[in-house]
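Look at the structure first, then read on.

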Amino acid sequence: MSPPSASQPDRAPSAGAGSSSPHVLVVDDDAEIRTLLGRYLAGQGFRVSLAADRRALEAELVTAAIDLVVLDVLLPDGSGLDICRELKRRRPALPIILLTALKEEVDRIIGLEIGADDYLGKPFNPRELVARIRAVLRRGGEAAAAPSARRWRFAGFQADAASRAVFDADGAAIDLTGAEFDLLRVLLDRPGRVLSRDQLLDLTQGRDADPLDRSIDVLVSRLRRKLGDAPPFHMVKTVRNGGYQFAARVETEGEVP
């Protein structure tokens with residue numbers, strides 16, 4: 001049998017994976033990385049499909065129910081960042097983990113800005129990728145299985161946990177990415193409490209920080225901008241050598257069932 005062409009999705013053997021197992025699509029133009037990741041993820045109980053480029057990715061999304069995409073930033077027929085942005089526009093609930101080169105910090109930041117659920121720098125340990133995949137899927141599953149009736153009012157804004165929506169004083173919707181809303185929710189549930197970057201990463205993404213990780217700082221900056229949170233009276237205050245603190249008064253309605 002001839003190997004699949006670069007524009008065709010190929011499927012990794014899903015050892016021990018049943019039809020209810022999460023279906024992960026790995027998109028990377030490096031055939032060796034793609035194959036090794038496919039075999040490893042299949043060995044961890046996932047159903048796995050593999051694609052070498054954007055065309056194969058799109059074909060797989062049409063023919064299969066994909067639960068999460070692992071997407072390399074550099075592809076032969078398009079930027080992974082552009083693909084991520086477009087996928088999030090069409091399918092905002094589809095989780096995406098970006099793979100970037102170790103020194104491509106700018107790409108990591110942009111990835112978070114356009115809605116990626118997480119990122120991992122190359123080279124990486126496949127076990128860490130599995131941990132990231134499970135954490136992202138767990139957060140999505142918990143949100144879907146146990147929708148919250150909680151609502152918050154703060155500084156003229158309203159936030160709704162069930163719809164994951166935020167509205168200003170005039171009722172206009174504030175466009176937040178999933179990661180931005182997750183951060184806001186953690187802060188709203190803990191007003192006045194100083195939370196370190198490590199704590200925020202653990203509470204929002206279920207992982208520890210690495211020394212170069214700026215994802216929380218990026219998300220705080222974007223959240224401030226979208227909420228019009230300007231100095232000198234930040235709602236989200238930076239605490240020197242501490243982390244961040246939500247300083248505005250918060251009124252909470254309802255509870256998580």
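Axes are lines fitted to C-alpha atoms, for helices over the stretch in contact, and angles run from 0 to 180 degrees between N-to-C directions. Helices are DSSP runs (H or I, at least four residues), numbered from the N terminus. This is a predicted model: local features need pLDDT of at least 70, side-chain atom pairs count only at pLDDT 80 or more, and totals for chains, interfaces and linings use all residues. Residues are numbered from 1 along each chain as its sequence is written, and side-chain values use heavy atoms, with hydrogens and water left out.

| Helix | Residues | Residues in the contact |
|---|---|---|
| α6 | 178-188 | Asp182, Leu183, Val186, Leu187 |
| α7 | 197-205 | Leu200, Leu203, Thr204 |

Contact means heavy atoms within 4.5 Å. The contact of α6 with α7 has five nonpolar residues (Ala, Val, Leu, Ile, Met, Phe, Trp, Tyr, Cys or Pro), one charged (Asp, Glu, Lys or Arg) and one polar (the others, Gly among them). The axes of α6 and α7 lie 9 Å apart, at an angle of about 115°. The two helices are therefore roughly perpendicular (65 to 115 degrees).

**Helix α8**

Helix α8 covers residues 215-226. At 1.5 Å a residue, its 12 residues should span 16 Å, and its end C-alpha atoms are 17 Å apart, which agrees. Gly228 follows α8, with a positive phi near 65°.

**A buried alanine**

Ala56 sits in helix α2, residues 54-63. Its relative accessible area is 0%, so Ala56 is buried.

Terms used. The expected span of a helix is 1.5 Å times one less than its number of residues. Buried means under 20% relative accessible area, exposed over 50%, partly exposed in between (1.4 Å probe, protein chains only). Angles under 35 degrees count as roughly parallel, over 145 as roughly antiparallel, 65 to 115 as roughly perpendicular and the rest as oblique.
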